[in-house]
Amino acid sequence: MDIQQQVEHARNGDHRAFLQLMKHMEGRLYRIAHAMVKRQEDIVDVMQETIISAYEALPQLRESHFFETWVIRILINQCNLTLRKRKQIIPFSEIRQSTPPHTAYDSVDIRQVVDQLEEDKRQLIILHYFQDIPLKQVAEILDISESTAKTRLHRTRKLLSRWIEDQEEGGHTHEKR
């Protein structure tokens, strides 16, 4: 049975079809949630909330072929809600002590740099580069045109490049949220 058929069965009240759809997407949803919220307890929470929200809103899904994109969008919204609640407070136990690296390129943890981006830019980078989702589908998930996604991606790459260069010079540049 293909995904569109399963979506239709789920929309008609077949709970098993919905569970199969969620099992099919579980790995991808986990990777996206992990990339965005990082903490295991938050990942579990956002995935649960995503599944509940998707189940409750399933009758409102207009076109079954957009199901995966729709669920990923729900997940991203749940991740953003969790991050806003957390307000980027880092517990003392998660702060790592390390020796200073030799060059800026040695010191760059791309995920930390990406985490400093504004929400829309961070989502674009995570979905496209960390999750290998094609740019066209990323644009659908973020509800923007493909050309807008390409433009934002280009600008974000330039910004990240400048940050790395600034770090190499000893400066610290952060994007304001």
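Contact here means heavy atoms within 4.5 Å. The model is predicted, so local features need pLDDT of at least 70 and side-chain atom pairs pLDDT 80 or more, while totals for chains, interfaces and linings use all residues. Residues are numbered from 1 along each chain as its sequence is written, and side-chain values use heavy atoms, with hydrogens and water left out.

Q: Which residues does L127 touch, leaving out those up to four places away in sequence?
A: On that cut-off, L127 touches I32, I72, I76, D132, I133, V138, I141 and L142.

Q: What makes a set of residues a nonpolar core?
A: The members are buried Ala, Val, Leu, Ile, Met, Phe, Trp, Tyr and Cys residues joined through side-chain atoms within 4.5 Å, and buried means under 20% relative accessible area (1.4 Å probe, protein chains only). The largest such core has 48 residues, and L127 is among those with the most contacts inside it. Helix 2 gives the most to this core, with 11 residues.

Q: Where does helix 2 bend?
A: At E26, by about 50°; the bend is the angle between axes fitted to the seven residues ending there and the seven starting there.

Q: What comes just after helix 2?
A: K38, with a positive phi of about 70°.

How values were computed:
Helix = DSSP H or I, 4+ residues; strand = E, 2+ residues; numbered from the N terminus. Buried < 20%, exposed > 50% of the residue type's maximum accessible area, 1.4 Å probe, protein only.
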